[in-house]
Amino acid sequence: MTEPAGGTSPEKSAGDEAELAREQKATAPDLVPANDPEVATEAAAPATDHGDGPRHAAEPASPGFGRMVLDNIYSANTVTVTILAFLLSLVVGAVLIVLSNSDLAGEYGYFFSAPGTVLGDSWTAISEAYANLFKGAVFDPATISGAIDGTNSWSQAFAPISETLTYTAPLIFTGLAVALAFRGGLFNIGAQGQAIMGAICGAVVGFAVHLPYGLHLIAALLGALAGGALWAAIVGLLKARAGAHEVIVTIMLNNVALLFLGWLINQKGVHDPARSDAISKNVLKTAQLPTIPGVDHSVVRVHLGIVVGVLVAAGVAWLLTRSTIGFELRAVGANPAAARTAGMSVGRTYVLVMLLSGALGGLGGAMMVLGTTASSLTGQVTANIGFDGITVALLGRGKPWGVVASALLFGALHAGGNRMQSYSHIAIDLVIVVQAVIVIFIAAPALVKAIFRLRAARTSGTPTSLAKGW
Amino acid sequence: MATLTVYSAPSAVVPTTGFWTRARKAGATFLGLGVVAAVLFGLLAKSGGDARFTFTLTITGSHLDIPGRPGAIGFGLACAVAGALLLVFGRSGRLLVVLTSLALAFLVLSFLCWQASVGRNSNALPLGQLAQATVKAALPLIFGAIAGVLCERSGVINVAIEGQLLTGAFAGALFGSIFASTWAGLIAAALGGLFIAALLAVLAIRYLVDQVVLGVVLNLFALGLTGFVFTQLMAPHQDEYNFTKVFPTWSVPGLSDIPILGPALFQGTIFLYMAIVLVIVVHFGLFYTRWGLRTRAVGEHPTAADTVGIRVLWTRYRNVLIAGVVAGIGGAFLVLGDVGNFNANQTNGKGFIALAALIFGRWSPVGATLAALLFGFTTALAQQLDSIGSSIPHEFLSMLPYVATIVAVAGLVGRVRAPAADGQPYLKG
């Protein structure tokens, strides 16, 4: 960026002044709404603190705790933006619910003759759908009271939360897979393919090998890990050796993995001879992830996978922040040229990143086939966990604990979406829209700031870039 | 090829370090592949069986019979010879292109001699139909890749091609059915693509969102949105909302009778002719008009472009939106030029292959079109081989386009150079 010729520099400085003026103007209105809560706290303070109020007034330099909290809420920090993005996505979802409801569409034809009825009906449709979303994901008050009265078992009361955790487990792994690659400067869209390869290897070890309890599960998990890692290593090698862009290669490998799965489950030795459809043999009991003992696992489906997921997240967090490998990985991710100058092998790091990322993706696939979701390979065994992993990683901002939290949110949305689909007849695709909209708003904090007229957070710099261009 | 080699000239030239130039590497690879093909395909081909190549759309008509085994061996050796020539000369440029194409063609012919001679259902490969299916499979990819060219030449990465194609297909089916008109469907499809493009433009240019991430999320958004409306509205009322007429097939008299290529290029729906016009217009527009020069300037060095008075952001908005219209029309082909109804996730990754074609074609309209045709060819070949009863499982045949993409991106292209400012938001001042 060179300075333009002298003739334009006055214009530039004028532009700077205009910029400055605009900034001042932009901050000024933000102060106005912030004043109200301040007044409110100041008014409330004497009532609770008994005479602390005047001292506050005497020392304007050090704002009170309440003011600081409110300031933080009003500024566009991470938490505020995340919550607002979630709310906005629910608004978009509500619009879709109304638009797709053919009864309501008919009523909107004569909106102006009875606006109250139409809006009321719309509100009913939306609130009913979202109530079912909540009941399917967290808890249903009816089953709680039922459990207290003894009309249904306690396990039914805990079923929704267990569903949420069951959907969360694979998303933690695929989310970590994508997030880890982000930190290493790679955009791994291939978690889906890696999960498929992981599911294949895990399942084959699960039904073809005979081992005692415990050992068999570990062997199957290691098989899944290796399958995903090797599949992803192709991407790392091609990137390091031939400069092939990982986005293209991973997408193609996703398709290849899916076709390979489709072929494999019909082969002798893999296909279940008792079935006529395309399905593999069942994974042996010894290789399945254990559920909570003494509870009906068809109702409370949560299994050991969620615990493993949290432990692995802790491991990834340690790896990224406390280990030499993690340092190299982040250095290459932040600036490959600088990392090379510092004596790191960028190509080797790319391969390593993809190996680790693929291992995580493979374990995600194992959660689908060794857990309670399925116990044999089918064409759809890994569902959409790899692609959901991308959104999970983006929402978690590439941080391991952020991934766990966003996987929990997406798991809840999926579990609730199932109930919403069967009780309110709202297609579960709505959940995909909600997820996409959340991530769009998360990725565009400036947009959320503009919609809600938030002030810039004190710490917010330029938005960090997760993926690199071509 | 007309590329801008102004700012980062060192990375633009192909690295020619020592003896192993790119041409030599390619030559050695083809030499090896040719020998392997001659031995392997020769052994596998049926010794007495013929491979029949017809020049028409069906398995009858004018044809050429090649004995299976000698054919496979001969074409394999021809590929090896082309590879050896590359190895000897070891120069880049026109020779590399010609010899590489020849080697590839011989390799494919060797493979076809083997496959056709052992086909379980038939020994005849209709080349005319192969060519027509190639173009048909390539059409959405061409529209998508041209949309990518328009976007990325102005400096906005377009990973959302998939979403634009999908939304185009969806809108084409929905509004084509509601208004019972293919033209209404076509316009709606263009607006559908425009909608996703508008989101891309505003979020990328105004709100500076990371463009690769944005593209992926917009694809997800399009998938969710179209899937939702499809499940809620279109699937339960197929006759009302998801049953549209398709555009008629127009043949150019005379030209469509040319053997092999005639039906492929001069017999098709309006989409075929639109694609041909589009490629020519974008090529000339990009390299020979004021608009093209400005677009490329903005994509290579926006600061410099701004200095001479080109409105950078306006240029980017305009190009991204035009690209959305193009991709939307490409999506409409899947419905209005083909099957007449929409299905959830109908594009099934075509947008991503278009993206690969864009990169393989080095961000040039003609290059991207040729790449799209290559992927179309692998798709059509897989279908053809499946129908003559190939011994290769059809899952593996279906992998062909994807594997070809990987080989193309990793092996043939090497390190490509995107427009210098591709993916970088422009902040004035």
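User: When do two strands pair in this predicted model, and in what order do the strands of the open sheet in chain B lie?
Analyst: Two strands pair if DSSP finds at least two bridges between them. In chain B, 3 strands form an open sheet with mixed pairing. The edge strands, β2 (63–67) and β3 (124–126), each pair on one side only. From one strand to the next, the twist averages 20°. The order is β2-β1-β3.

User: Which residue of β2(B) is the bridge partner of B:R52?
Analyst: Strand β1 of chain B covers residues 50–54 and runs antiparallel to β2(B). The two strands are joined by 5 bridges. The partner of B:R52 is B:D65.

User: What angle does helix α4 of chain B make with β1(B)?
Analyst: This helix spans residues 94–117 and packs on the sheet. It touches β1, β2 and β3 of chain B. Its direction and that of β1(B) make an angle of about 110°.

User: How many helices does chain A have?
Analyst: Chain A holds 470 residues, of which 44% count as buried. Its secondary structure has 0 strands. The helix count is 19.

User: Which element gives the largest share of the side of chain A that touches chain B?
Analyst: The contact takes 48 residues from chain A and 48 residues from chain B. On the chain A side, 35 are nonpolar, 10 polar and 3 charged. Elements giving two or more residues include α1 (9–49), α10 (215–242) and α11 (246–264) of chain A. The largest share is 11 residues, from α11(A).

Definitions and conventions
Residues numbered from 1 in each chain as written. Chains lettered and ligands numbered in written order. Predicted model: local features only at pLDDT ≥ 70, side-chain atom pairs only at ≥ 80, totals over all residues. Helix = DSSP H or I, 4+ residues; strand = E, 2+ residues; numbered from the N terminus. Buried ≥ 20, exposed ≤ 12 C-beta atoms within 10 Å, placed from the backbone. Axes fitted to C-alpha atoms, helices over the stretch in contact; angles between N-to-C directions. Contact = placed C-beta atoms within 7 Å. Nonpolar A, V, L, I, M, F, W, Y, C, P; charged D, E, K, R; others polar.
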